[in-house]
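Please look through the sequence and the model shown here before reading on. The report that follows takes up one topic after another for a reader who is new to this structure.

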Amino acid sequence: MPTPSNEEFIAYNKGIIEELRTNGGTVARPDFPILLLTTTGARTGRPHTVPLGFGVDGDRVFVVASKAGAPTHPDWFHNLRATPQ
C-alpha cells in the first residue's frame, strides 16, 4: 500500500481532530488512544495540531514519528525539534 500524500494525511487528521473534539476525546477509529499535539511551525511560527496514537510507560508518554512508514519524518516531528516547548 503506498504512503498517503500530505494532502491525504491532512484530510484524515482533520476528520480525527473534529471527531475527538466533538465526542469529548474519543474516536470510533482507530481503536487505540489518541492525543492532540500542537506544535509551532518551524518556518511559519503558526500553531499546527495533529492527532497521534500514544503509549504510556510509567510517568512517560511516547509517540512514534512514523508517517505511516514513509521514508521521511512527519512535519510535526520537524516542528517539535525546532521548537520543543
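The largest pocket holds about 1,100 Å³ of space in what is a predicted model. A pocket, found on a 1 Å grid over the protein atoms alone, is an open set of points where a 1.4 Å probe fits, with protein on both sides within 12 Å along at least five of seven lines, and its lining residues have an atom within 4 Å of a point; the volume is the space filled by probe spheres set on the points, which are joined across faces, edges and corners. Lining this pocket are 36 residues, with Phe9, Asn13, Val50, Pro74 and Trp76 nearest its centre. Helix H1, strand S2 and helix H2 each give two or more residues to the lining, and the largest share, eight residues, belongs to H1. Helices (H or I, at least four residues) and strands (E, at least two) are DSSP runs numbered from the N terminus.

| Class of lining residue | Number in the largest pocket |
|---|---|
| Nonpolar | 21 residues |
| Polar | ten residues |

Trp76, one of the residues nearest the pocket centre, is buried at a relative accessible area of 9%, where buried means under 20%, exposed over 50% and partly exposed in between, with a 1.4 Å probe and protein chains only.

Strand S1 (residues 34–40) pairs with S2 in the antiparallel sense over seven bridges, pairing being assigned if DSSP finds at least two bridges between two strands. Leu36 has Pro51 in S2 as its bridge partner. Six residues separate the two strands of this hairpin, and Gly45 in the turn has a positive phi of about 75 degrees. Arg43 also sits in the loop between S1 and S2, and is exposed at 84% relative accessibility.

The mean pLDDT of the protein chain is 89, pLDDT being the predictor's confidence in each residue, from 0 to 100. Residues are numbered from 1 along each chain as its sequence is written, and side-chain values use heavy atoms, leaving out hydrogens and water. Local features need pLDDT of at least 70 and side-chain atom pairs count only at 80 or more, whereas totals for chains, interfaces and linings use all residues.

Definitions and conventions
Nonpolar A, V, L, I, M, F, W, Y, C, P; charged D, E, K, R; others polar.
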